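Me: Please go through this model with me, one question at a time.

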Amino acid sequence: MVLAQFEELTMSETETILEFYEKVEQITNKAMSLGHPIEELLIVQKILRDLPPRFQNLNQIRLSKLVGKLKTYEMELNMEENDAKKKECFTSGSARVFTKRLKKSSPIDDEMTLFMNKFRRILKDKGRETRRNGGPSHEIRY
């Protein structure tokens, strides 16, 4: 029943992110208390999938804002890579170095992938719309 509530939950146009997240958090906490935890990746996907149109209108995002978000994401990736390098350990009696690297993608990687896929889809749709309307516009909107 709790998993059904999770799947059926949607964000209304007037609801704030915080209000929606609180609902999601209530359901996920209830699921965990019943012994059926919901993976963080599924929660991230649910939130991204159910954002109302006012959040999905990525063609209005400013280029500087997009680049800023991507730079932040890149810095986080670099920090994770540096942390992995710091976890190098030496085998006893040997000079060989083994680096521990995680092969699994992190939730932020998955979230960014979803974001980029949506952004590419919007750009592709915008390109089709531009071609139908008689060529490229001189004004660039992001």
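The questions below concern a predicted model, starting with its confidence and moving on to its packing.

Me: Which element of the protein chain has the highest confidence, and which the lowest?
Reply: The protein chain averages a pLDDT of 75, and 68% of the residues score at least 70. Confidence is lowest in strand β2 (residues 97-98), at a mean of 42. The highest mean, 93, belongs to α2.

Me: How many contacts beyond four places in sequence does the model have for residues 89-103?
Reply: Over residues 137-142 pLDDT stays under 50, and the model has nine such contacts for them. Residues 89-103 also stay under 50 in pLDDT. For residues 89-103, the number of contacts beyond four places in sequence is 18.

Me: What distance separates the end C-alpha atoms of α2, and what span should its residues give?
Reply: α2 has 17 residues, and at 1.5 Å a residue they should span 24 Å. The expected span agrees with the distance between the end C-alpha atoms, which is 24 Å.

Me: Around the axis of α2, how wide an arc do the buried residues cover?
Reply: The buried residues of α2 are Phe20, Val24, Ile27, Thr28 and Ala31. They lie on the same side of α2, because the arc they cover around the axis is only 95°. Leu18, Gln26, Met32 and Ser33 are exposed on the other side of α2. As for the buried residues, they pack against α1 and α3.

Me: Which elements give two or more residues to the largest nonpolar core?
Reply: This core has 14 residues, of which Phe6, Phe20, Val24, Ile43 and Ile47 touch the most other members. Its contributors of two or more residues are α1 (2-8), α2 (17-33) and α3 (40-49). Another core, of seven residues, lies apart from it; among its members are Ile61, Leu66, Met112 and Phe115.

Me: Is glutamate 15 buried or exposed?
Reply: Glutamate 15 sits in the loop between α1 and α2. Its relative accessible area is 4%, and the cut-off for burial is under 20%. Glutamate 15 is therefore buried.

Me: With which side chain does the side chain of glutamate 15 make a polar contact?
Reply: Not counting residues up to four places away in sequence, glutamate 15 touches Thr10, Phe20, Lys23 and Arg54. Phenylalanine 20 in turn has Glu15 among its contacts, including also Leu9, Met11 and Ile47. The polar contact of the glutamate 15 side chain, at 2.8 Å, is with the side chain of lysine 23.

Conventions:
Residues numbered from 1 in each chain as written. Predicted model: local features only at pLDDT ≥ 70, side-chain atom pairs only at ≥ 80, totals over all residues. Heavy atoms only, no water. Core = buried A, V, L, I, M, F, W, Y, C linked by side-chain atoms within 4.5 Å. Buried < 20%, exposed > 50% of the residue type's maximum accessible area, 1.4 Å probe, protein only. Helix = DSSP H or I, 4+ residues; strand = E, 2+ residues; numbered from the N terminus. Contact = heavy atoms within 4.5 Å. pLDDT = per-residue confidence, 0-100. Expected span 1.5 Å × (residues − 1). Arc of directions from axis to C-beta. Polar contact = N/O pair within 3.5 Å; in protein donor to acceptor, adjacent residues only side chain to side chain.
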